[in-house]
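Let's take a friendly walk through this structure. Please have the sequence and the 3D view open as you read.

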Amino acid sequence: MDEHQEIKALFYEKGREEPLSKVGWWILLRWILLGVTILAGLTGNFLLNLKLPLAHILLLCCLTAFLNALLHYQLFTLKKAPSFEFNLVDRITYIQFGTDLVFIAGIFNDTGGIASPLLFYFLFHVILSGVLLERWACFLYVSLVALMILTLSFFEFIGFVPHVYRASFISKDLQDNPFFVFFLLFFFLMVLFISSSLISTLLKRLRERISQLTELEEKLEDTNHRLETLNLIAVKTATTLGLTPRLDLICGSVRELMGVKGVLIRLLDERTNRLEIVSSCGLSDAYIKTGPIDLDKSYSRTLKGKPHVVLDITSEPSLQYPEEIKKEGIVSMLAVPLQGREKVIGTLRLFTSERREFTQEEIDFVSALASQGAISIENARFYDVLKRQDEAKNDFIILMTHELKAPLSAIQGLLDVMRKGYVGAITDKQKELIERMQKRIDSVLELSAELLDIYKWQSKGVIDMALTSVSLKDQIQKAEDLFKLIAQKKSIKISYEVPDEQVNVKAGEEELEKVLNNLISNAIKYTPIGGNISVVLRLVDKQVTLRVKDNGIGISSEDVPKIFNEFFRTKEAKVIDPEGSGLGLPFVKKIVESLGGTIRVKSEKGQGTEFMVTLPRI
Ligand code: ADP
C-alpha cells in the first residue's frame, strides 16, 4: 500500500458515511452559493444599478445548477446503494472542482476581473481543495486557477476581452495601472499557492499523525487481544483436569493463534535426561514416532530458558533428526522453554512449512503462553500425583476396614459366648465389662461399615444401587418399629404423618433405609430427654418430600454449611456422642443426589433442626 492509498484508506476508514457526507456538504454549499449569486446579481442591478451582465450570470448559474442537480442525484443513488467504489467519489469531487472553476471564471470576468470582490472566493475554494483533493490534484487545481486569472488579465490587458469596471475596493485609476495590476496579480497568486501548499502540508502531517496513532491503536488492540487470549487459555487450562488434555489444549491453541504448520511439546524426563514428546498437533505420525531428544542434542539456549529461532532448519547443526524434519516439510522453527516454577520442564516448538521470521512480539507472546502452560502442566502433574495418592489411600482404607471387620466380628462372637456364661460362670462386674467391650466393638464395626460405604463410593465415583420401586410408607413404618424403644428410653415423642395413597420412589431399598434411619437416629441422638420429633411425608406434584424435624440442640449458622462435609461434627454433638463419625450425613446426601433428589437443612442453635429430602416420585 503506497502512502496515498494508506492515507486514503485512513481518510475513508470511517466507512461510506464520511466521503459521502463531504460530497453532500459541498453540493449544498454550491446551492447556497448559486442562490447568493443570483440574489446579488438582482440586487446589484435593480437596487444598486451596477449594470452587471445579468443574463450571462443567470445562464452560468443555470448551467451550474443543472450540473449540481446531476451530482445531487448521483449522491442520492450512491447513498442508497449497498456498496460503492471510492474512486467514484473521487471522480465526483474532481467534476465538482472543474464545474466550480468554470463558474468562478465566468463570474470573475463579469464582476470586474482582478478588481472583483469575488477574488477572495478563489482563496476560500483553494483552501477547500487542499482539504478535499490529493496533493497533486490540489496543486493542479491551484495552477489552473492561476492560469485562468493570468489569461483573463492578459486578455483584458491586450484588449482581447473588455475590462468591466464594477464597484470595487480598488479605484478605477488603480485598475488601469498595469504595474499595480501586475503586483496585485503576483501577490494574489503567491497567496493562493502558499495557502494551498500550507493546507496540504498541514493535512499531510495531520494524516501522518493519525496514521501513527492508528498504528499504535492497532498495536494496543493486538496486545489486548493477546492478553485476552492468554487469559482465555489460562482459564481453559485451569478448568481442564489432567495432564494430557491440558497439553493438547496448549498445542491446539498455539497452532491456531500463530498459524503454523505444527506444534510439539516435549517434556524433560529426569530419569533418562531426555526430552519426550507428550503432545503435538499438525505433525505426521511418522514424525511423532521419531523418539526422544537427548539433552546434549537439544537447543541449549531453550533449556537455559531462552527462546531459539531457526530460520532454515537445514542449516541447523544441533538437530538430532535432520532427515525426518526435512521429510516433514519443516523450514523454520521457534523453540521456547517451558519455564516451570523452579526450572525448565520442557520445550514448546512451533514449526512452519515456509521460511518465517518470528517477530519479537510473537516470540514474547509464545514465551508467555509457554510459561503459563508450564505452570499449568506442573499443576496438572501435582493433581495427577494427588489423585493417585488419594486413590491409593481409598484402596488402603477399604482394605483395612474390610480386614478389620472379620476379626472384630469374631471377637464380638467370643465375647458373647463369655457373657452368656458358656465358658464358665462370670461375675456381674465381668459381665458389665464384657458388655462395655461389646458396645465399643459395635461402634467400631459401625464406623468401619460407614467408612467402607463412603470410600467405596469415592473410589467408584457413583453409588452402586440395585434400583427398584420402593414404598416410602413401608420404609417409614419399618423405621417407626426400629426407633420406638430407643425413643421411649429418652422419653422422646415421635409423630409420623404420611399420605393415604402409596408413595413410591425409584431407589436402592437398603440405601433409602440408610437415609431414613440416619436422619431419625440423628434427631433422637441430638434431642434431649422429653423432646419431640416429627416425620412428615408429603406429595408435591411429581415430587415426594420427607421432613424430619426435632426440637433438639440445633446447629449454629456457621456450622450449617459444613454438616455435609466428611468427618465434620459440631462441638455440641461431640459432647453428646463422642463416638460419632461425621460420615452419616455426607453419605445420605450422596445417596439422595444419586437418586436425582435434594437435601436441605434448616436449623437454629438450641431450637432444633429440620432436614428436608425431596425425591422424584414414580
Ligand atoms: P454423626 O451423627 O455420626 O456425628 P452425621 O454425619 O450423621 O455424623 O452428622 C454430622 C453432624 O451433623 C453431627 O455430628 C451433628 O453435629 C450434626 N447433626 C446432624 N443431625 C443433627 C440434628 N438432628 N440435630 C443437631 N445436629 C445434627
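Contact here means that heavy atoms lie within 4.5 Å. Helices (H or I, at least four residues) and strands (E, at least two) are DSSP runs, numbered from the N terminus. Leaving aside neighbours within four places in sequence, Asn-518 is in contact with Gly-584, Leu-585 and Val-588. Asn-518 is buried, with a relative accessible area of 14%; buried means under 20% relative accessible area, exposed over 50%, and partly exposed in between, with a 1.4 Å probe and protein chains only.

Before going further, a word on what you are looking at. This is a predicted model, in which local features need pLDDT of at least 70, side-chain atom pairs count only at pLDDT 80 or more, and totals for chains, interfaces and linings use all residues. Residues are numbered from 1 along each chain as its sequence is written, and side-chain values use heavy atoms, with hydrogens and water left out.

Now turn to the ligand. How many residues surround the ligand? The shell holds 22 residues, and the closest are Asn-522, Tyr-526, Arg-569, Thr-570 and Leu-585; a residue counts as near a molecule if one of its heavy atoms lies within 4 Å of it. Helix H16 (509–525), helix H18 (584–594) and strand S13 (608–616) each supply at least two residues of this shell, and H16 gives the largest share, with four residues. Sorted by class, the shell has 10 nonpolar, nine polar and three charged residues. In this sorting Ala, Val, Leu, Ile, Met, Phe, Trp, Tyr, Cys and Pro count as nonpolar, Asp, Glu, Lys and Arg as charged, and the others, Gly among them, as polar.

Look next at the oxygen atoms of the ligand. One such oxygen is 2.8 Å from an N or O atom in the side chain of Asn-522. A backbone N or O atom of Gly-584 lies 3.1 Å from an oxygen atom of the ligand, and a polar backbone atom of Leu-585 is 2.7 Å from an oxygen atom of the ligand. Taken alone, the ligand exposes 530 Å², and the protein buries 98% of that; these areas come from the Shrake-Rupley method with a 1.4 Å probe.

Strand S13 also leads us to a hairpin, which S12 and S13 form with three residues between them. In the turn, Gly-606 has a positive phi of about 80 degrees. Two strands pair if DSSP finds at least two bridges between them; here seven bridges join strand S12 (residues 598–604) to S13, and the two run antiparallel. Thr-598 stands opposite Thr-614 in S13.

Not counting residues up to four places away in sequence, Ile-599 touches several residues, including Leu-519, Val-588 and Phe-611.

Elsewhere, six strands form an open sheet in the order S3-S2-S1-S6-S5-S4, with antiparallel pairing. Its edge strands are strand S3 (293–294) and strand S4 (308–310), each of which pairs on one side only. Within this sheet, strand S1 (residues 262–269) and strand S2 (residues 274–281) pair in the antiparallel sense over seven bridges, and the bridge partner of Asp-269 in S2 is Arg-274.

Our last stop is Lys-393, placed in helix H13 (residues 360–419). At 36% relative accessibility, Lys-393 counts as partly exposed. Lys-393 and Tyr-455 are 62 residues apart in sequence and 9.4 Å apart in space, C-alpha to C-alpha.

How values were computed
Polar contact = N/O pair within 3.5 Å; in protein donor to acceptor, adjacent residues only side chain to side chain.
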